[in-house]
Amino acid sequence: LQVAEGLLAGLIGHASLFFQGGILHRDISPNNIIVIDDIASDIFAWIWPHDTPLRGCLIDLDYAIEASAQPSGALDRTGTYPFIAIQILRGQERHRYRHDLESFLYVLIW
C-alpha cells in the first residue's frame, strides 16, 4: 500500500510540475519517487482533495527541462535506462509528457 501511495503522489507531483510549472521531469524511476509520512497537500488542491494526505514526493530534477524548450538537436536520451520510454530509447521522438507517464508504468511493473 505504501508503494501505491508513493506512486500516486509521484504522479500528482509530476502533473503539478508539468501543468502548473511547465516543467518536464524526464527521469521517472523508483529512486526518484520517495514515500514520506505526510506533506501539506494544499499545493496540490487543484488536483487532489484536501481531506486525503499525499504520502510521497517526486524528487531529482537534474534532467528536468522547461516543457516549452526547443530541442537542441542533441540525442535526447535522459533518465534511468530500465524506465525510459521505448520511443526515447529508439531515438524516434523528443521527450514529451506521455513518455514520463510510460516511465511511471514501468515503475509500477518493477
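**Close-up views of a predicted model**

**View 1. Ile109 is exposed, with a relative accessible area of 60%.** Exposed means over 50% relative accessible area, buried under 20%, and partly exposed in between (1.4 Å probe, protein chains only). This is a predicted model, in which local features need pLDDT of at least 70, side-chain atom pairs count only at pLDDT 80 or more, and totals for chains, interfaces and linings use all residues. Residues are numbered from 1 along each chain as its sequence is written, and side-chain values use heavy atoms, with hydrogens and water left out. Ile109 belongs to helix H3 (residues 97-109); helices (H or I, at least four residues) and strands (E, at least two) are DSSP runs, numbered from the N terminus.

**View 2. Eight residues form the largest nonpolar core.** The members are Leu7, Leu17, Ile28, Ile33, Leu58, Phe83, Phe104 and Val107. H1 and H3 each supply at least two residues of this core. A nonpolar core is a set of buried Ala, Val, Leu, Ile, Met, Phe, Trp, Tyr and Cys residues joined through side-chain atoms within 4.5 Å.

**View 3. His14 is buried in the model, at 1% relative accessible area.** His14 sits in helix H1 (residues 2-19). Beyond neighbours within four places in sequence, His14 is in contact (heavy atoms within 4.5 Å) with His25, Ile28, Leu58, Tyr97, Asp100 and Phe104.

**View 4. Arg26 lies in the loop between strand E1 (23-24) and strand E2 (33-39).** Arg26 is buried, with a relative accessible area of 9%. The Arg26 side chain reaches the backbone oxygen of Tyr63 at 2.7 Å.

How values were computed. Polar contact = N/O pair within 3.5 Å; in protein donor to acceptor, adjacent residues only side chain to side chain.
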